[in-house]
Amino acid sequence: MKIAPSIYALARADFLERVRRYSFLLTILFAGFLGYGAATGRIALHLGDYRGVYTSAWIGALVALVTTCFVSLVGFYIVKNAVDRDRQTGVGQILAATPLSKVSYTLGKFLSNFAVLAVMVLVLAIAAVAMQFFAAEDPQLDTVALLLPFLLVTLPAMALTAAVAVLFETLPILNGGVGNVVWFFAWAVIGIGLPELSGKHWLDPMGLMTVADSMMAGARANIPGYKDSFSLTIADEPSKIVETFRWHGVPWTSQAVLLRLGWTAVAVLIVILAAAFFDRFDSARWFVPSLRRAKKIPSTQLTELANGASALPAKPAAAIHLTPLPADAHRNAFFRIFAAELRLALKGFRWWWYAVAAGLLIAQLASPLEISRGPLLATAWIWAILVWSAMGSRESRFSTRSLVSSCANILPRQLPACFLAGVAVAILTGAGAGFRLLLAGNSPGLFAWLAGALFLPSFALALGVWSGTGKPYEALLTAIWYVGPMNHTPGLDFTGAANGAFVIHYALVYTAISTALLAFAFFMRSRQLRSN
Amino acid sequence: MQLKVENLSKNYRGNVQALRSVQISLRPGILGLLGPNGAGKSTLMRILATVTRPSSGRVLWNDSDIAQNPDALRNTLGYLPQDFGVYPNLSAIEFLEYLAAVKGISADASKKRIGELLELVNLADAAKRPLGGYSGGMRQRVGIAQALLNDPQLLIVDEPTAGLDPEERVRFRNLLSELSGERIVILSTHIVSDVEAVATSIAILAHGQLLAHDSPEGLLAGVAGKVWEVVIPSDQLQSLRQKYLVSSTAHRSDGVHARVVADSVPGYSARPLEPSLEDAYLAALSAQRANQKAGAAA
C-alpha cells in the first residue's frame with residue numbers, strides 16, 4: 001500500500017466534506033470578521049501609546065499575530081471533529097478494516113485540520129493586503145514582508161493547533177467536553193503565558209514573543225520615551241495613538257526560522273503520538289471500561305455482547321403478552337419529564353465528579369462569604385459545564401430526535417423540563433453560596449446568584465439547539481468564565497461577585513439575556529420540528 | 001379507527017420528489033409496505049409519524065389532519081424509525097422511563113409496561129446495563145420496546161427486523177400479529193418474507209409512487225398463471241434474463257432451475273408454479289419500469 005497517496009486521499013476527502021458544509025461558511029465569516037476588526041483598528045497592537053506605521057511589515061505582523069491568537073483558540077474547536085465524524089458516520093468502521101495504518105490516519109486528519117485552518121489564514125492574509133491599501137500610510141506593498149509572518153509565525157501555530165486537535169480526539173478523556181475546556185487553559189498557559197513568563201524564545205509555540213520582541217526593539221530604537229509595553233487589544237473604538245514609528249519587520253535569521261520549523265516538527269510528533277492512542281474505531285475499547293457494572297458481567301457474555309449476540313436464551317414466542325394500558329395511564333405529568341431530564345443530565349459522570357461537586361458545595365458553606373460567592377461558586381459552576389453543554393444538542397448528538405419529536409405536545413414540555421433541569425443543577429452546585437447570601441441577607445447578591453443560575457442553562461440551551469453540539473457553549477462559557485468571574489471583569493461575571501455597585505443592574509441584564517436566549521431556543525427548536 | 005392518506009407528495013431540496021400523489025386508506029390490520037431502496041418508504045413513514053411535513057396532500061387520522069393537529073395522533077402513536085440512537089449512559093429501563101415520561105405515561109403504568117416490554121423483547125436480564133454496551137440487535141429491540149410503550153393504536157415500524165437474528169425476527173413477527181387486532185400497524189421493509197408472514201394488506205411503493213395496494217391474496221391473484229419454472233443450461237441464463245423477469249434461480253445437476261414471471265408460457269420447457277408474494281412484488285416493479293421506459297420513449 002502506498003502511504004502518501006492514502007494520506008492525501010484521506011485528508012482531501014475530509015477537507016471536502018468540511019468545506020461543503022454550511023458551517024464552513026461561518027468559519028470563513030469568522031475569519032473575515034477578524035480581518036475587519038484588524039483593518040478598522042478595533043483589534044489593535046499597541047506599544048504603549050505608540051504603534052508602527054502601517055507598512056507591509058507592520059500590517060503583516062499585526063494581522064498574523066491576530067490570526068495566530070484567535071484562530072488557534074477558536075480554530076481548535078472548529079477542527080476538533082475529524083475523528084469524531086468518522087465515528088458518528090460509521091466511515092471509521094470501513095477505514096478500520098483497510099490496511100491504512102494508524103499513523104497514516106492521524107496524519108491525514110492532521111492535514112485536513114491544517115488545511116481548514118490554512119484557508120482561514122489565507123482569508124486573513126488577503127485582508128492584510130486590503131488593509132494596507134485602506135490605511136494608505138505607506139504606498140509600497142512589500143509582499144514578502146507582509147506574508148512572512150503568516151508563513152513563519154501563523155502556519156506553524158496552526159500546525160500545532162491541528163495536531164493537538166487530533167491528539168485530543170484520540171484520547172478518551174479529552175475527546176469530549178473536558179478536552180474543550182482543557183484546550184482553553186492549554187492555549188492560555190502554554191500558548192500565551194509560558195513564553196511571557198519564561199522569556200525564552202524556544203518556549204514560544206505561537207511565535208508571538210519573536211514578533212513582540214522585534215517590535216519592542218524597534219520602538220526602543222525610535223522612541224526615547226517608550227517603556228517596553230506591548231498589548232493586543234479588542235475595543236469598541238480604535239485607540240488613540242500618540243506617535244508612530246517605522247518598523248522593518250522581524251529579522252528572520254536562520255535560527256529564528258529553524259525554531260519556527262521546529263514547532264512544525266513538534267506538531268508532526270504530536271500527530272504520531274496521537275496514533276499511539278488512537279483506538280482504530282474499536283468500540284470495545286471505548287465501551288467496556290465505562291460499563292458501570294462491568295465487573296459483574298462474565299467475560300463470555302461481554303464477548304457475546306461485543307459480537308452482537310443476545311447472550312440470553314430467548315423466551316418462546318408463544319409467551320408474548322402485553323397488558324393493555326389503563327385508560328388513565330396518559331397524564332401530562334411535567335414533573336416526571338423534569339425528573340427524567342435531570343437524571344439524563346446527571347448520568348454518565350464518574351463518582352469523582354460528584355465527589356468534587358460535593359466538596360465545592362461544602363467549601364461554599366464553610367468559607368467566608370466573598371470567597372464562597374466568588375471563586376468557589378465560579379469553580380462549582382464551571383465544574384458542571386458538561387452537564388449544561390449537552391442540553392439542546394443531546395437529541396442531535398445521539399440521534400434520538402425522531403423518537404422524541406414524534407411524541408405529543410413535545411415543545412412546551414420537553415424544552416422547559418430540560419431548562420429547569422439545568423437550573424436545578426446550577427442551584428444544587430451553587431447552593432452553598434446561595435445559602436450564605438440568604439443568611440447574610442444580601443438580597444442583591446442573591447438576585448445576581450439566581451440570575452447566574454438562569455443564565456448558565458439558557459445560554460447552553462440556545463447554543464445547543466442552534467448548533468446541535470455542545471462545543472460552542474464549552475468554548476464560550478470557558479472564555480467568559482476566565483475573563484469574568486476569574487478575572488473579576490464587571491459585566492462578564494455571571495456569578496455577580498465582581499459586579500460591585502452594579503450588581504442588580506447586571507443581574508437584570510443577565511435575566512433579560514436569559515429570557516431572550518430561552519425564547520431563541522424555543523424558536524429554533526420549533527423551526528427544527530416544523531422543517532423536518 | 002382510520003388512517004387516510006390523500007394525494008400525498010414530498011419534495012426535497014434539489015428537485016428530488018420522494019413521494020408523488022400517494023393515496024391510501026387503512027383500517028386495523030398490518031400493512032406491509034414494500035419497495036426498493038429509495039422508493040420513498042421511509043419518507044412516507046416519517047410523514048405518517050408526524051416527524052416530517054408533506055409538501056402537499058394530507059394525512060387524516062380519524063378525520064383529523066395530522067399536519068394541523070399532530071398531537072391527536074402522537075398521543076396514540078408508536079414509531080420505530082429506521083435510524084435512531086440511544087443515550088449510551090442510560091440503562092434500557094432508564095431510557096424507556098425517560099421516553100415514557102416524554103410520552104406522558106403515568107409512573108405506575110409505565111413501570112409495569114416497561115417490565116413487560118423488556119421481557120417481551122428478551123432484554124430483561126440486560127435491562128440495567130448501559131445502552132452503550134449493547135449490540136446493534138439489542139438496541140433495535142430497545143427501539144421496538146419504546147414504540148410499544150404507550151400501547152399505540154397506530155404502530156409504525158421502519159425496517160424493524162434489521163439487525164435481528166432469525167429467532168428474534170420470528171418473535172417480532174409473532175408480536176406484530178398479536179398486536180394487530182385492534183390497531184393499525186405499518187411495517188416497512190424490503191424483506192418480502194417478513195411481510196408475507198404477517199401482513200393483512202400490502203402496498204408497493206417505487207420512485208415515490210404507490211404501485212399497488214391490495215390484500216396478499218389479491219396481489220397473488222394478479223400473477224396467478226404467470227409464474228413458471230424453466231430448466232435451462234447455465235449458458236442460456238443471461239438470454240433468459242434479457243427476455244423475461246427471472247425472480248430466482250437455483251443450480252441443479254440437470255441445469256439451472258429458473259423461476260420466471262411472464263404473461264405467457266416462456267419459450268422453454270416451462271411448468272406452471274404457485275405464485276409467491278416475491279413474484280407479485282417483482283412483477284409490479286418490472287411493470288412500472290416498463291411503463292417508465294414507454295413513457296420516456298413517447
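Into which domains is chain A divided? In this predicted model, chain A comprises domain 1, covering residues 3-284, and domain 2, covering residues 335-530. The C-alpha centres of domain 1 of chain A and domain 2 of chain A are 31 Å apart. Their contact involves 6 residues from domain 1 of chain A and 10 residues from domain 2 of chain A. On the side of domain 1 of chain A that touches domain 2 of chain A, the largest share is supplied by helix H8 (residues 177-198) of chain A, with 5 residues.

Confidence in the prediction was examined next for chain A. The mean pLDDT of chain A is 86, and 91% of the residues reach a score of at least 70. Among the elements of chain A, the highest mean pLDDT, 96, belongs to H7(A), whereas the lowest, 43, belongs to helix H12 (residues 299-306) of chain A. The pLDDT is below 50 over residues 287-313 of chain A.

The largest nonpolar core contains 234 residues. In soluble globular proteins, nonpolar side chains tend to be buried together. The members that touch the most other members of the core are A:Val63, A:Leu124, A:Ala162, A:Ala163, A:Val166, B:Phe95 and B:Leu187. Helix H7 (residues 143-170) of chain A makes the greatest contribution to this core, giving 18 residues. When neighbours within four places in sequence are left aside, A:Val63 is in contact with A:Ala38, A:Leu124, A:Ala127, A:Ala128 and A:Met131.

The backbone was also considered at two individual residues. Most residues other than glycine have a negative phi. A:Asp228, however, has a positive phi, near 45°. This residue, A:Asp228, is placed in the loop between helix H9 (208-222) and strand S3 (231-234) of chain A. Because 10 other C-beta atoms lie within 10 Å, A:Asp228 is classed as exposed, the limit for that class being 12 or fewer.

In chain B, B:Asn15 likewise has a positive value of phi, near 60°. B:Asn15 is found in the loop that lies between strand S1 (3-12) and strand S2 (16-26) of chain B. With 6 other C-beta atoms within 10 Å, B:Asn15 is therefore exposed by the limit of 12 or fewer.

Conventions:
Residues numbered from 1 in each chain as written. Chains lettered and ligands numbered in written order. Predicted model: local features only at pLDDT ≥ 70, side-chain atom pairs only at ≥ 80, totals over all residues. Core = buried A, V, L, I, M, F, W, Y, C linked by C-beta atoms within 7 Å. Buried ≥ 20, exposed ≤ 12 C-beta atoms within 10 Å, placed from the backbone. Helix = DSSP H or I, 4+ residues; strand = E, 2+ residues; numbered from the N terminus. Contact = placed C-beta atoms within 7 Å. Domains from an automatic or database assignment. pLDDT = per-residue confidence, 0-100.
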